[in-house]
Every structure is written in structure tokens, then in C-alpha cells.
Amino acid sequence: MEPILSVEDLSVSFARYDRGLSRRSLSALRGLSLAVEPGQVLAVVGESGAGKSLLAHAILHILPRNAQASGTIRYGGASLTRERAEVLRGREVALIPQGVTFLDPMMKVGSQIRRGENSPDARARCRQVLERYGLGPETEELYPFQLSGGMARRVLIACAVMESPRLIIADEPTPGLDAKAAGRVLGHFRELAEQGAGVLFITHDLTLALSVADRITVLYDGQTADTVSPSQFRAGTGLTHPYTRALRQAMPENDFL
Amino acid sequence: MSHRLQFTAKKLVRMALLLLGVSLTAFLLMNASPLDPLQTNVGQAALGSMSPEQIAKLEEYWGADTPAAERYLSWLGSALRGDLGVSLLYRRPVLEVIGQRLSTSLWLLACAWVLSGALGLGLGLLAGANRGRWPDRLVRGCCLTVSSTPAFWLGLLLLIVFAVWLKILPIGMAVPIGGGQATLLERLRHALLPGLTLSITGAANIALHTREKVVDVLDSDYILFARARGERHILRRHVLRNVALPAVTLQFASIGELIGGSVLVEQVFSYPGLGQAAVSAGLGSDMPLLLGITVVTAALVFGGSLTADLLYGAIDPRIRKGAAAQ
Ligand SMILES: Nc1ncnc2c1ncn2[C@@H]1O[C@H](COP(=O)(O)OP(=O)(O)O)[C@@H](O)[C@H]1O
Ligand SMILES: [Mg+2]
């Protein structure tokens with residue numbers, strides 16, 4: 001199937017000023033490639049600092065000011081330019097961030113989910129998405145500090161599905177949740193994928209990735225080390241990169257190997 | 001709600017204790033100063049020609065031989081009953097002098113307070129939202145220059161430009177000289193230059209602080225998320241909302257700086273306000289008046305910060321909804 005998102009040879013570097021004011025560029029991603037198909041969950045696994053968030057931000061064109069990106073990002077078959085990203089953000093492409101700090105602490109949850117829209121349509125839709133994730137209409141009146149960790153995660157997912165996105169980028173949406181709550185969040189992603197959306201699930205937790213994803217891309221040193229299916233990974237077939245093999249060896253159930 | 005009341009009560013008690021401390025410190029400082037109220041008020045020449053009995057009587061009148069502790073306690077006793085004593089220079093009750101001077105200064109202070117707050121917030125937002133670009137560099141450059149310029153020097157500069165060269169604004173005083181009852185317009189015209197001097201200095205500080213806060217907010221996770229969701233009006237919806245809290249604190253904290261600045265600025269513009277009275281009282285060893293002014297201005301400053309604390313509770317949902325009580 002034609003991928004909804006394809007990233008080819010993506011590099012991101014930062015301008016750094018050293019002593020003596022010489023300008024040096026520091027590369028965080030170098031030549032990363034991946035593709036997400038509609039109806040599929042692609043997990044991107046990498047350790048902390050591997051550049052996973054940068055990947056998400058590069059796709060949405062919201063990189064920090066001192067960052068420079070190169071490479072090709074295509075969405076729905078056409079190049080995803082800054083102008084196009086500005087139109088698609090929050091409509092067809094949705095980001096699900098890590099935690100409650102991504103909600104404005106001074107604004108009620110309802111108003112944030114609706115992005116300030118107050119039409120009866122928007123209100124009805126907001127209540128509908130909250131209900132879909134087991135949150136009552138009273139949630140709208142809460143401030144972020146009044147949400148529990150699990151509620152906050154569900155509110156962030158509700159933000160993403162206010163419009164019907166075709167591509168969902170979830171950047172480490174589970175830390176701090178217990179296994180049951182994390183499982184529920186992942187269930188929501190699967191459900192969104194089954195309705196036809198492409199899901200880019202970013203995580204450092206290999207076990208979670210294996211449990212939910214259709215394919216797994218392992219990130220190492222700013223590059224794609226391997227892209228395999230969970231069953232291939234478990235079986236250890238098709239792993240070309242030494243890092244991926246080491247990762248597999250380090251899994252608890254492979255202790256005996 | 002009860003924790004809010006408790007909070008307010010605690011703040012009020014703290015304020016009363018602080019005022020007590022301020023009055024005691026001011027009293028001790030004045031007591032330790034080498035100025036002799038007798039000499040300053042009666043005059044050295046007059047004192048020299050007086051008989052020892054007359055001097056003794058005067059000393060008793062000024063209370064020069066009563067122990068300091070006793071004098072402070074008796075001052076405190078009357079002060080609690082609302083009597084701050086009689087000004088030696090003006091021969092009128094201190095409260096009356098302060099009331100009259102304060103009502104003149106209030107024009108200036110209110111004018112400067114509103115202007116500096118609005119200007120500072122506006123410039124801070126402009127600079128922060130355009131971080132690193134020319135509006136930011138321009139605003140920051142100007143503000144840094146102004147805040148390293150003494151207020152009285154800025155006042156002199158404005159005086160030279162607007163009153164001496166352009167002759168469009170009066171050179172000093174609160175009302176036209178010998179002009180009977182002053183109109184509102186005349187009062188405003190006279191308060192404009194000193195008010196502007198105070199505002200410019202105050203605005204510079206507020207703008208610099210606001211700019212830093214705006215930059216912090218713009219770097220926050222929630223702004224990133226708002227951008228990722230394609231939100232419009234981010235500045236109005238998120239930045240302003242989150243900058244409001246520190247802006248309120250800053251605005252009320254600036255009352256202290258304004259009053260401090262007004263002492264010098266009123267001197268430059270011969271503006272007969274509280275600041276000028278403070279200078280006269282100091283130079284003239286008018287202890288009751290100086291003490292009175294110190295306590296009243298300290299009360300104004302503390303009152304400002306109390307208002308800020310209370311407003312904080314009203315604006316910040318985390319405090320309003322009782323998170324602070326846990
Ligand atoms: N604004 C920035 N300036 C310089 N370096 C940055 C900046 N943002 C991120 N980096 C660097 O890029 C690397 C990848 O960061 P990130 O994508 O956040 O990692 P993660 O995989 O944990 O999400 C990190 O090593 C970090 O130091
Ligand atoms: Mg990250």
C-alpha cells in the first residue's frame with residue numbers, strides 16, 4: 001500500500017557556538033528513513049537522546065529555531081512542505097505528546113481540546129471524544145493540574161482525535177503509567193489504526209513496541225538501524241545491525257541465550 | 001475558601017509585624033543620627049542667645065532628655081490610636097501633612113504606575129514575541145540603557161527638552177504659580193513630565209522582566225503542542241494568559257520602586273509631593289514627619305504586595321482551586 005508518510009534520508013543538525021565563536025554544527029539525526037502505512041502502527045524505538053522527538057518535530061515542521069533539517073518528507077504522496085504542514089497540523093496530522101506539561105496550566109481542559117472554538121458543533125464533538133476515552137463532560141471544566149496521569153494521557157489523545165487525523169504521531173505517550181493504563185493507551189492506538197489512520201508510535205520501551213506495532217524501526221546513532229515486524233524481531237531474523245541484535249539479546253525473555 | 005481567609009490573615013499579621021520593624025528601625029536610625037532637632041528647629045543663633053532655662057524648657061518640649069525606648073513606645077502608643085504626632089517643620093499634625101502631600105503625589109504615582117505597567121507589558125510582549133529579531137534588540141537596548149540611567153538625570157533631560165527648549169510643558173510644581181484653583185488639565189500638565197520620568201524608568205524594568213517571561217513561555221511544552229495542533233492566536237490565548245501572573249506581581253512590586261523614585265524626581269521637578277516632604281523632613285530633622293512618611297510609604301508598599309498575593313490567588317487556578325492548601 002502507498003505509505004501515508006515517508007521519511008527519506010532525514011538529517012537534523014544544530015548550530016552550536018564554541019569557544020572563540022567558531023560555529024560548529026552538531027548532527028542529531030543523519031539519514032533516517034521510514035514509512036508509515038495507513039491502518040498500521042509503526043513503532044520507532046531508540047534510547048533516550050536518540051532523536052525520536054526531533055523526528056516527530058521535523059515531520060510537523062516545529063523544530064527548535066537553531067535546528068536545520070534536510071531530507072525528504074512526503075505525506076499522502078506529496079512533499080510535506082512547511083506551508084502544507086501548517087495547514088495539516090491538528091487537522092490531518094496530529095501529535096500526541098508525552099504528558100500533562102503539554103497542556104496550558106492556566107486553561108480549562110475543554111477549551112484546550114476545542115482549541116478555543118465554542119460552536120455547538122465543537123462542544124458536541126468535544127464531549128463525544130471525551131466519552132470515547134471514558135471521560136465525563138465534567139472533565140471539560142478541569143484544569144490540567146487536576147488530572148491524574150492516566151486522565152491527562154487520555155485528554156491528550158482526545159485532543160488528537162477532535163478532527164479525524166489520518167496520521168498520528170505519538171511521542172512517548174506512556175511513561176509514568178502503570179502497565180494496565182499503558183495497555184489501554186496502546187489499545188486506543190490500535191483502534192485508531194484499525195479505522196484507517198497511520199500511527200507513528202515513538203517509544204524507548206521495546207516490549208511495548210513489540211506488543212502493539214505492525215512494524216518496528218530501531219533508531220541508532222541518528223539513523224535507521226533496522227525495520228522489521230515484531231515476529232521477525234522475536235525470531236531474530238532480518239536483523240542486519242549489530243545494535244538491533246544486541247537489543248534483542250538484552251530482552252528479559254532472551255536471558256538464556 | 002477558609003484557607004484563603006487564613007492566608008489573608010497570615011499576610012496581614014506579617015504586614016503588621018513588618019511595619020513595626022520598619023518603624024523601630026527608622027526610629028533607631030534617626031535617633032542615632034547626629035542631627036539635633038533643637039538646633040535645626042530653633043536655629044543655632046537663636047539657641048545661642050537663649051537662657052539655660054529656656055533651652056531646658058525647649059528640650060523638654062522636644063523630648064530630648066526622655067530615654068529613646070520610652071519615646072518610641074509613646075510614639076507607638078499614639079500611632080496605634082491614629083496620631084502620628086506634630087510635624088516640627090509644618091507645625092501641623094503629621095497625618096494632615098502626609099494626607100495633603102500624598103494627594104498631590106498620587107497624581108504622579110498613579111499616572112506613572114498605569115503608564116509604566118501598560119508600556120512595560122506591551123514592550124515586553126513585543127520583544128519576547130520577536131525574540132532575537134530587531135524589535136527585540138531595539139526594546140532590550142533601550143530598556144537596558146534606561147535602567148542604567150539614574151531617574152533624576154532622566155528627569156533633568158526631559159525637563160531641558162520639553163520645558164526649556166520646546167517650552168510646551170511647565171518646568172515644575174504641581175499647579176501654575178499663583179494661579180488660584182487649578183483645573184484638572186493644568187494638574188495633568190504639571191504631573192506629565194515627572195510622571196513620564198517615573199514611568200520610563202519603571203517601564204524599562206517591567207519590559208525586561210516581561211520579555212524574559214514571554215521567552216520562557218514560548219519555549220514551554222504547551223506552546224509547542226499548541227503549534228503542533230495548528231492553533232492560531234497563540235500569543236493571545238496562551239502567552240498572555242501565562243504572562244499575566246508574573247505581570248501582576250511585577251506591577252504591584254513596582255509600587256515600592258515608584259515611591260523610591262518619586263523622592264528624587266519630585267526634587268528635580270519641585271513637585272510638592274510626599275517625596276519632597278520626605279527630603280525636607282530628613283534635612284530639617286523633622287523626626288515625627290520622617291517617621292510618619294516612612295511608615296505610611298512602607299504600608300503602601302506592603303499593601304501593594306498583599307494585593308498582588310491576593311490577586312494571584314484569584315487568577316491562578318492552581319491556588320484558586322485549593323491546590324496550594326494541600
Ligand atoms: N534545541 C536543541 N539544541 C541543541 N541540541 C538539541 C536541541 N534539542 C535536542 N537536541 C539534541 O538532540 C538529541 C535528540 O533529542 P531528542 O529528539 O529530544 O531525543 P529523544 O530521542 O529522547 O526524544 C539530544 O541529544 C539533544 O541533546
Ligand atoms: Mg523525546
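Which side chain meets that of B:Glu212 in a salt bridge?

Analyst: The side chain of B:Glu212 meets that of B:Arg211 in a salt bridge, with 2.8 Å from N to O; the term stands for a side-chain nitrogen of Lys or Arg within 4 Å of a carboxyl oxygen of Asp or Glu. This is a predicted model, in which local features need pLDDT of at least 70 and side-chain atom pairs count only at pLDDT 80 or more, while totals for chains, interfaces and linings use all residues. Residues are numbered from 1 along each chain as its sequence is written, chains are lettered from A and ligands numbered from 1 in the order in which they are written, and side-chain values use heavy atoms, with hydrogens and water left out.

The two partners can also be described by their cover: B:Arg211 is buried, with a relative accessible area of 8%, whereas B:Glu212 counts as partly exposed at 41% (buried means under 20% relative accessible area, exposed over 50% and partly exposed in between, with a 1.4 Å probe and protein chains only). Beyond this pair, salt bridges that share partners join B:Arg211 and B:Glu212 with B:Asp136 and B:Arg140 into one network.

Another salt bridge in chain B is formed by the side chains of B:Asp309 and B:Lys11, again with 2.8 Å from N to O. B:Asp309 lies in helix 13 (residues 287–315) of chain B and B:Lys11 in helix 1 (residues 2–32), so this pair ties together parts that are 298 residues apart in sequence; helices here are DSSP runs of H or I with at least four residues, strands are runs of E with at least two, and both are numbered from the N terminus. B:Asp309 counts as partly exposed at 25% relative accessibility, and B:Lys11 is partly exposed as well, at 22%.
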